[in-house]
Amino acid sequence: MAWYPRATKLELQPESDAQPAIRPTQFIVHSVVAPWDEHRIYAYWRDSTSLESHFGLDYDGSLGQYIGTETRADANAGANRRADGTGAVSIETASNTKASDEWTAAQVEELIRLGVWLHQRHGIPLRICRTHSDPGFGYHSMFREWSTSGTACPGAARIKQFREVVFPGIVARATAKPTPPKPVPPKEEPVAITAEEIAELAAAKVWSHPVAKLETGEKWTAEAQIRAPHTVAARIEEKVDALTDLVNQLLAAQKDS
Ligand SMILES: [Zn+2]
């Protein structure tokens, strides 16, 4: 039994315990032909029919799950559970009473997220089903075997969305490369400087002061070179201060004498 973390769990009994296990290999989308939220769809399965889907999706994108995805649900006739134990995961989606409206942006987003999860969790392959028993993604009216007496579900507008937005969205999201982490600048490695390099730098009068003091093989870093002039300036400042003090003392002594 697998429960999708983004769905509100509205477990349907006795079906959830009574119905046989499946190995989910397909995802089939439907329109419920009513503007129902996930709770109203749940009540319909519980009170008014022996059928049910695994999921119910409201216009605002809120999602309910009624049956675990590894248990048979009875929304797709021959695809519910085949003799080999494979079966389809089904979702009913809120629609107008003619099933002629498009899915809302919120519904499209949730269909994509759920599709990605089903691919990752159950290995449903990222393709549109090629036959009624072929693993992949589909919509209810795609194959005659998926309904008891034929259907136009989920409606022409949504079939177009399924092919042009929802299924490509699932593929894009499932195969997207994770954004690479920001490159961290490499920590500077001290390098040993050679006599030739010291001579070269000194001749070019680049880094002349500190470089002149380096011995061959001594560790050299650009950072140390950048800091060096400040260190030198601070030392000079100290000396100037000391000299100023000395001059003042001498002047004072001269005055006294
Ligand atoms: Zn349907």
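This report describes the domains, a helix pair and several individual residues of a predicted model.

## Domains

The protein is divided into two parts: domain 1 covers residues 8-175, and domain 2 covers residues 191-256. The C-alpha centres of domain 1 and domain 2 lie 77 Å apart.

A pair of residues also illustrates separation in the model. Thr 93 and Leu 250 are 157 residues apart in sequence, and their C-alpha atoms are 98 Å apart in space.

## The packing of α3 and α4

Two packed helices are described by the angle between their axes and the distance between the axes. Helix α3 spans residues 105-122 and helix α4 spans residues 156-175; their axes come within 9 Å and cross at roughly 50°. The helices α3 and α4 are therefore oblique to each other, and their crossing is right-handed.

On the α3 side, the contact is made by Val 108, Leu 111, Ile 112, Gly 115, Val 116 and His 119. These residues meet Gln 161, Val 165, Val 166, Gly 169, Ile 170, Arg 173 and Ala 174 in α4. The residues of this contact divide into eight nonpolar, four polar and one charged.

Thr 93 is found in strand β5, which comprises residues 86-93. Thr 93 is classed as buried because 28 other C-beta atoms lie within 10 Å, and the cut-off for a buried residue is 20 or more.

Leaving aside neighbours within four places in sequence, Thr 93 is in contact with Val 29, His 30, Ser 31, Val 32, Leu 57, Trp 103, Gln 107 and Pro 154. One of these partners, Pro 154, lies in the loop between β6 (136-139) and α4.

## Cis peptide bonds

The peptide bond that joins Cys 153 and Pro 154 is cis, with omega about 5°. The peptide bond from Gln 13 to Pro 14 is also cis, and its omega is near 10°. Pro 14 is placed in the loop between β1 (8-9) and α1 (15-18).

## Residues with positive phi

Val 33 is not a glycine, yet it has a positive phi of about 60°. Val 33 is found in the loop between β2 (23-31) and α2 (38-48). Because Val 33 has 18 C-beta neighbours inside 10 Å, it counts as partly exposed.

Ala 99, likewise not a glycine, has a positive phi of about 50°. Ala 99 is found in the loop between β5 and α3. With 20 other C-beta atoms within 10 Å, Ala 99 is buried.

How values were computed
Residues are numbered from 1 along each chain as its sequence is written. This is a predicted model: local features need pLDDT of at least 70, side-chain atom pairs count only at pLDDT 80 or more; totals for chains, interfaces and linings use all residues. Axes are lines fitted to C-alpha atoms, for helices over the stretch in contact, and angles run from 0 to 180 degrees between N-to-C directions. Helices (H or I, at least four residues) and strands (E, at least two) are DSSP runs, numbered from the N terminus. Angles under 35 degrees count as roughly parallel, over 145 as roughly antiparallel, 65 to 115 as roughly perpendicular and the rest as oblique. A crossing is left-handed if the near helix is turned anticlockwise from the far one by less than a right angle, and right-handed if clockwise. Two residues are in contact if their C-beta atoms, placed from the backbone, lie within 7 Å. Ala, Val, Leu, Ile, Met, Phe, Trp, Tyr, Cys and Pro count as nonpolar, Asp, Glu, Lys and Arg as charged, and the others, Gly among them, as polar. Domain bounds come from an automatic or database domain assignment. A residue is buried if 20 or more other C-beta atoms lie within 10 Å of its own, exposed if 12 or fewer, and partly exposed in between; C-beta atoms are placed from the backbone.
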